Amino acid sequence: MNYPSILFSIVFLFLFNSILNGQTDPDIFSKFESKFHEINGYKINVEVKGEGQPIFFLPGGPGNSHDYMQANFGQYYKSHKVVFFDFLGRGKSDDAKDLSEYSVENDVDLIEQLRKLLNFDRISIVGHSYGTVPAQAYSIKYPNNVDKLLLISGFHGGEMWQANCDSYNHYTKTHFPEKWKQVDSLRALGYVSSQEPLKSLYASFPTKYIYYHNTNIEGNHPNEPYRRWSSDVYETIIGRDGDFYVSGSMINQDYRQELKNVKAKTMIIAGRYDGVSTPEFNIQYKTFMPQAQFEMFENSGHNPYLEEPEKFYKLFDTFFEVK
């Protein structure tokens, strides 16, 4: 997801508090228990529940904890073994000793380490926003380990992420020209998006119409304190000026030529009003991954499972053969 660093935390306070109509258990978080596994010398928070075929749920960000995915997909423990976890430096998991350890490649490695640790032969993966990035990279690197792949509001590489930064900035510049003059002034002085005062100024732009088509969404979130967002992770993977120019590990990702070789049964979901993972680029999956099922949600932004839950969950249940 094209989440500006501080801006992201504001947007995701709203997202974390959101709950779709299809989520029938308001106490879903109490159904899960954290278990910390040591992987590569770090304690990683993992929450597993249910029986049946395993599904790994990968959240957006990068920098985000697993909680909003659990809020919206936790109920599937009734039909599958669902796996929610916090990547290194996120949620309840340990921070890296060196910031360079935050990367798409290491996120992919963590998925594989967890698969082995949990003793799964094959897994299915649901990725949302940034979560689609390691989901695709893993499915390309380990094609025989993935049964089904669901990509929601995703990105097929660093170039697409950059294009969506440009899309977001065009929107803010044209809709809030008075404030954008202040951005231009700070940029002219050499400030990057991870630096104050530009960081706070950029975060002050109203963003709800970028991420949501329907902004009247009510919420559910854990009662216990938890880390919702890590700026260190975002700024390392996307870049210290990542709201304008993508760098870091993300800029090196490009799956376009390899997507056609993914063996997993795949469904791709996009939102017509998505202001960050825009339809212009999402629809390119039809070319790069012709074997996948593509679904455009005509009344959704970046979170179709929140805005069109009836349609979304019907597709989800069919795709994962939920009975």
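The paragraphs below follow the aromatic contacts and then the salt bridges of this predicted model.

Among the aromatic rings, 29 pairs are counted. One of them joins phenylalanine 297 and phenylalanine 312, whose ring centres lie 6.1 Å apart with the planes at 50°, so the pair is tilted. Because phenylalanine 297 belongs to strand 8 (residues 293-297) and phenylalanine 312 to helix 13 (residues 309-319), the contact ties together parts that are 15 residues apart in sequence. Phenylalanine 297 is buried at 0% relative accessibility, and phenylalanine 312 is likewise buried, with a relative accessible area of 0%. The ring of phenylalanine 297 also has the charged end of lysine 311 over it, 4.3 Å from its centre. Elsewhere, lysine 179 lies over the face of phenylalanine 205, at 5.5 Å from the ring centre.

Turning to charged pairs, the whole structure holds ten salt bridges. In one of these, arginine 90 and aspartate 107 bring their closest N and O atoms to 2.9 Å, linking the loop between strand 4 (81-85) and helix 3 (104-117) to helix 3 itself, with the two residues 17 apart. Arginine 90 is buried at 1% relative accessibility, as is aspartate 107 at 2%.

Another salt bridge joins arginine 256 and glutamate 159 (3.3 Å, N to O). Since arginine 256 sits in the loop between helix 9 (231-237) and strand 7 (265-271) and glutamate 159 in helix 5 (residues 158-175), this pair ties together parts that are 97 residues apart in sequence. Here arginine 256 is partly exposed, with a relative accessible area of 23%, whereas glutamate 159 counts as exposed at 51%. Finally, Glu112, Arg115 and Lys116 are linked in a network of salt bridges.

Note on methods. Residues are numbered from 1 along each chain as its sequence is written. This is a predicted model: local features need pLDDT of at least 70, side-chain atom pairs count only at pLDDT 80 or more; totals for chains, interfaces and linings use all residues. Side-chain values use heavy atoms; hydrogens and water are left out. Rings of Phe, Tyr and Trp (its six-membered ring) pair if their centres lie within 6.5 Å; planes under 30 degrees apart count as stacked, over 60 as edge-to-face and the rest as tilted. Helices (H or I, at least four residues) and strands (E, at least two) are DSSP runs, numbered from the N terminus. Buried means under 20% relative accessible area, exposed over 50%, partly exposed in between (1.4 Å probe, protein chains only). A charge sits over a ring if NZ of Lys or CZ of Arg is within 6 Å of the ring centre and within 35 degrees of the ring normal. A salt bridge is a side-chain nitrogen of Lys or Arg within 4 Å of a carboxyl oxygen of Asp or Glu.
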